[in-house]
Amino acid sequence: MTRKFEGDRLLVATHNQGKLDEITELLKPFGVSVVGAKEMDLPEPVEDGTTFVENARIKAHAAAKATGLPALSDDSGIEIDSLDKQPGVYTADWAETENGRDFIMAMTKSHTMLVEAKAPQPWTARFCCTLVLAWPDGSDQVFAGVMEGRVVWPMRGENGHGYDPIFEPQGYDITFAEMVSEKKNEISHRADAFRKFVAACFD
């Protein structure tokens, strides 16, 4: 069941500034003020789900319950076909180090595994995004988006975040990290999920 968004304040249940900026930009036309989990001093819940939707639900419900605000969370990652769709839900985990996340290390790991597996090119892959909008009463709505493409090497581009420098979206000859953010925000997996979210909750 879809439920229209009412109110003017939305909590985005993320501590990732890049993600928060992207979502804030996408919500600008709707006059909703966006606040991040970090600003609200919310702890990061343990994401022990095995799917994007499970993890997104954990984050959204924890934030909605703690603040009494509707909370939008996003769980996203890259699935590389020749690696049995890894890293998938563990996309961010592959980048974890004692000193924070190192996505260059994570991208290098992905490439090394593809080479070691002698995986034939093109290395097809997709970015997946699952958005969950949770309400303080415990109900929620789920919106899933996807962007097909391929993994390329070496890394290219300075924009974006995460695995963007090794992902070339279908129909383009540049990576997400070589695109201007406006273009990426039009075509990305997050944009796909967002269109569904906006159509259900705002239009």
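Which helix holds Lys 184? In this predicted model, Lys 184 turns up in helix H4, which spans residues 181–187. Leaving aside residues up to four places away in sequence, Lys 184 touches Glu 22, His 161, Asp 164, Phe 176 and Met 179.

Glu 22 also shows up in the packing of helix H1 against helix H5. H1 (residues 17–27) and H5 (residues 189–201) pack at about 40 degrees, their axes 11 Å apart, so H1 counts as oblique to H5. The crossing is right-handed. On the H1 side, Lys 19, Glu 22, Ile 23, Leu 26 and Leu 27 take part, meeting Arg 190, Phe 194 and Phe 197 of H5. Sorted by class, that contact comprises five nonpolar and three charged residues, with no polar ones.

A cis peptide bond runs from Gln 86 to Pro 87, with omega near -10 degrees, and Pro 87 sits in strand E4. Trp 153 and Pro 154 are joined by a cis bond too, with omega about 0 degrees; Pro 154 falls in the loop between strands E8 and E9.

Asp 84, in the loop between E3 and E4, has a positive phi near 55 degrees and is exposed at 69% relative accessibility. Lys 118 has a positive phi near 50 degrees. This lysine lies in the loop between helix H3 and strand E7 and is exposed, at 71%.

Notes:
Residues numbered from 1 in each chain as written. Predicted model: local features only at pLDDT ≥ 70, side-chain atom pairs only at ≥ 80, totals over all residues. Heavy atoms only, no water. Helix = DSSP H or I, 4+ residues; strand = E, 2+ residues; numbered from the N terminus. Contact = heavy atoms within 4.5 Å. Axes fitted to C-alpha atoms, helices over the stretch in contact; angles between N-to-C directions. Parallel < 35°, antiparallel > 145°, perpendicular 65-115°, else oblique. Left-handed = near helix turned anticlockwise from the far one by under 90°. Nonpolar A, V, L, I, M, F, W, Y, C, P; charged D, E, K, R; others polar. Buried < 20%, exposed > 50% of the residue type's maximum accessible area, 1.4 Å probe, protein only.
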